[in-house]
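Good morning, and thank you for joining. I would like to discuss helix packing and charged pairs; please look at the display.

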Amino acid sequence: MASPCEILIDSINSELGTQIINAAHQETQRIEDKFSRYRQHNLMDKINHSNHQPVAIDDEAFRLLCFADTCFELSGGMFDITSGVLRKAWRFDGSDRLPSTALVDSLRSRIGWKQVKFDRKSITLPAGFELDFGGIGKEYAVDCVAKLAQQIAPTVSVLVNFGGDIQVTRPRAKQPYWQVGIENPTDNKSGTAVVNIANGGLATSGDANRFLLKDGVRYGHILNPTTGYPVLDAPRSVTVAGQHCIQSGLLATLALLQGKDAELFLTKQNVKYWCFR
């Protein structure tokens with residue numbers, strides 16, 4: 001998951017804890033082996049090197065593709081899992097190195113979710129296109145692991161935390177809430193928010209660790225697929241609470257894609273959120 005991961009279990013039963021941890025590790029490894037763009041010879045590698053030839057998919061991949069399509073529609077085309085190809089231009093390493101306009105423009109011709117064709121059995125990408133589930137993959141893994149934990153221990157509260165993306169299975173036994181801190185990435189010394197969460201999802205998106213800084217302008221890693229450039233004037237960090245982690249993560253990312261109107265967007269969604277600018 002390319003981030004610190006932890007599982008908190010509201011129990012002193014060490015055998016149960018070991019069972020949950022082992023199941024979580026196996027499920028996380030399975031998802032990463034299947035959907036990570038950094039692995040060779042997996043499903044994503046086959047899709048991204050298919051050269052306009054159909055690739056067979058299973059029900060799980062089909063469901064994720066349907067969710068990606070929903071994300072695209074809800075965002076008005078701003079959430080596009082074909083835009084991951086822009087990573088070939090943008091290296092958000094904290095430096096001041098911006099890519100050339102020519103390189104960005106050349107990659108924009110390889111972006112366009114509407115050009116991807118899929119059904120329950122197969123997917124076909126235009127030549128040169130790639131898919132990147134990075135925008136939803138970690139949150140999906142959190143929800144899958146939480147579901148497994150709930151099956152193993154239906155009466156025990158379990159908190160799954162993959163890099164700040166969280167799902168809680170049920171209220172705790174003696175006190176209902178887990179307390180989760182939301183770090184403020186800005187320099188205004190306004191502190192850290194503390195969230196009480198009994199069940200449901202919590203997800204954060206922002207540029208705390210992935211950005212460029214050039215001539216006083218900070219470029220975050222949330223990219224506009226239509227321009228090929230980072231969205232400007234967005235909050236440094238957005239955290240959203242929801243029923244499921246993957247839904248919370250989607251709303252947090254969609255908010256950042258709104259730039260200066262992020263808070264207005266979230267208010268209209270009628271969700272609980274925290275923004276830092």
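The crossing of helices α3 and α6 is right-handed, meaning that the near helix is turned clockwise from the far one by less than a right angle. This is a predicted model, in which local features need pLDDT of at least 70, side-chain atom pairs count only at pLDDT 80 or more, and totals for chains, interfaces and linings use all residues. Residues are numbered from 1 along each chain as its sequence is written, and side-chain values use heavy atoms, without hydrogens and water.

The axes of α3 (residues 59-74) and α6 come within 11 Å and cross at roughly 35 degrees; axes are lines fitted to C-alpha atoms over the stretch in contact, with angles from 0 to 180 degrees between N-to-C directions. Helices are DSSP runs of H or I, at least four residues, and strands are runs of E, at least two, numbered from the N terminus. F67, C71 and L74 of α3 touch I246, L250 and L254 of α6, contact being heavy atoms within 4.5 Å.

Let us turn to the charged pairs. There are 19 salt bridges in the structure, each a side-chain nitrogen of Lys or Arg within 4 Å of a carboxyl oxygen of Asp or Glu. In one of them, K34 meets E60 at 2.7 Å, N to O. K34 belongs to helix α1 (residues 14-35) and E60 to helix α3, so the pair ties together parts that are 26 residues apart in sequence. Both K34 and E60 are buried, that is, under 20% relative accessible area with a 1.4 Å probe, protein chains only.

Methods:
Buried means under 20% relative accessible area, exposed over 50%, partly exposed in between (1.4 Å probe, protein chains only).
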